[in-house]
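This report walks through selected packing features of one protein. Look at the sequence and the structure first, then read on.

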Amino acid sequence: MRVVRIARFGGPEVLELVELPEPVAGPGEVVIEVEAAEVLFLDTQLRAGWGQEYFKLELPTVLGAGVAGVVRSVGPGVDAVLVGRRVIAGTGGVGTYNGGGYAEQSVVPATEVFPVPNGLELRTALAALHDGATALSQLDLAAVSPGQRVLITAAAGSLGSWLIPLLSATGVTVVGAARGSAKLDRVRELGAHEVVDYSAPGWTGGLQGVDVVFDGAGGEIGRAAYAITRPGGRFLGYGAASGDFAGADHRDDVTVVGIYQPDPVAWRDLPRRALQLLADRRLDPAIGQTFPLAEAAAAHAAIEARTTVGKTLLVR
């Protein structure tokens, strides 16, 4: 079985394709024949050595937090009805990062397996696992109201393809912030009412204040968005693609909400809700780019170069 692993921290070049024995499901586990593995910005950070105080990866290790494929086998205590089912699955529990997704076969906890509705393409369904779940949790926390102005940073990313159409349907004015004309075109296609290029100096200068911010960028971009949040507004920070999480210098008149994870049972309901939205054709989180498993380094390099749009996958 082929996997992509890292034996040391560093640039994309440390990702190496190697052969390992086929995995065996243990108690409470399943083995999935992987068709697609998601590539997160977090993966690139962990590969570079960031976050060891939180995740404590033991090298060598295989990255990858989510997969889509077909259940190949189940371990003791798991219902055999899952064998042959099309599924998406997280490789670890809520709030953890176990890795193992960058592989032709992946062992995952049975509790993290979600059957894919008939008629829904597996690669599209994979967008529900983390992006759909995160978007729905943030929307629940934001409690937006019709007539409000809502700003989304990193709006051309994979979460933007969920947040923009879902927010547009609530009667708010959606302002999408992204970098460069191609990404701004994507944000318009998703349904944003206004767009702004945050690579331009003083990019918030021409914007009216906003009532709610969904910040997937962090860093100076997030701080600029925080500064134009109206008194009484809400700032939801869930990304740090620009370096760190914004909103650290709290204002008394703005509610800052970080990444929220409810109890595991409640959290697992979010991918199910997201899958149903996809099955009902309520939105289409188009996959921005795919790379063969053997080209994982190229996928990481593209994400770090900020050239990707939407979801990035490794595929068989």
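## Aromatic pairs

A search across the whole structure, which is a predicted model, turns up 4 aromatic pairs. One of them joins Phe55 and Tyr97. Their ring centres are 6.1 Å apart and the ring planes meet at 75°. An angle over 60 degrees counts as edge-to-face, so this pair is edge-to-face. Phe55 belongs to helix 2 (residues 52-55). Tyr97 sits in the loop between strand 6 (86-90) and strand 7 (105-109). The pair therefore ties together parts that are 42 residues apart in sequence. Phe55 has a relative accessible area of 23%, so Phe55 is partly exposed. Tyr97 has 8%, so Tyr97 is buried.

Tyr226 and Phe235 form another pair. Here the ring centres are 5.1 Å apart and the planes are again at 75°, so this pair is edge-to-face too. Both Tyr226 and Phe235 are buried.

## Nonpolar cores

In soluble globular proteins, nonpolar side chains tend to be buried together. The largest nonpolar core in this model holds 49 residues. Those with the most contacts inside this core are Ile88, Ile152, Trp162, Leu163, Ile164, Leu167 and Phe214. Helix 8 (residues 264-279) gives the most to this core, with 6 residues.

What does Ile152 touch, not counting residues up to four places away in sequence? The list is Leu163, Ile164, Leu167, Val174, Val175, Gly176, Ala177, Phe214 and Tyr238. Another core lies apart from the largest one. This other core has 36 residues, among them Met1, Ile32, Leu63 and Leu293.

## Helix 1 against helix 9

Helix 1 (residues 41-48) packs on helix 9 (residues 296-304) at an angle of about 105°. The two axes are 10 Å apart. That angle makes helix 1 roughly perpendicular to helix 9. From helix 1, Phe41, Asp43, Thr44 and Arg47 take part in the contact. They meet His300, Ile303 and Glu304 in helix 9. By class, the contact has 2 nonpolar, 2 polar and 3 charged residues.

Leaving out residues up to four places away in sequence, Arg47 touches Ile6, Arg8, Phe9, Gly10, Gly11, Pro12, Val14, Leu15, Leu63, His300 and Glu304. Leu63 is also among the members of the 36-residue core.

## Two further buried sites

Pro285 is in the loop between helix 8 and strand 15 (287-292). With a relative accessible area of 2%, Pro285 is buried. Pro285 and Ser161 are 124 residues apart in sequence. In space, their C-alpha atoms are 5.1 Å apart. Beyond residues up to four places away in sequence, Pro285 touches Thr124, Ala127, Ser161, Trp162 and Leu278. Trp162 is one of the residues with the most contacts inside the largest core.

Thr61 is part of strand 4 (residues 61-62). Thr61 is buried, at a relative accessible area of 13%. Leaving aside neighbours within four places in sequence, Thr61 is in contact with Arg5 and Ile6.

Terms used:
Residues are numbered from 1 along each chain as its sequence is written. This is a predicted model: local features need pLDDT of at least 70, side-chain atom pairs count only at pLDDT 80 or more; totals for chains, interfaces and linings use all residues. Side-chain values use heavy atoms; hydrogens and water are left out. Axes are lines fitted to C-alpha atoms, for helices over the stretch in contact, and angles run from 0 to 180 degrees between N-to-C directions. Helices (H or I, at least four residues) and strands (E, at least two) are DSSP runs, numbered from the N terminus. Angles under 35 degrees count as roughly parallel, over 145 as roughly antiparallel, 65 to 115 as roughly perpendicular and the rest as oblique. Contact means heavy atoms within 4.5 Å. Ala, Val, Leu, Ile, Met, Phe, Trp, Tyr, Cys and Pro count as nonpolar, Asp, Glu, Lys and Arg as charged, and the others, Gly among them, as polar. Buried means under 20% relative accessible area, exposed over 50%, partly exposed in between (1.4 Å probe, protein chains only). A nonpolar core is a set of buried Ala, Val, Leu, Ile, Met, Phe, Trp, Tyr and Cys residues joined through side-chain atoms within 4.5 Å. Rings of Phe, Tyr and Trp (its six-membered ring) pair if their centres lie within 6.5 Å; planes under 30 degrees apart count as stacked, over 60 as edge-to-face and the rest as tilted.
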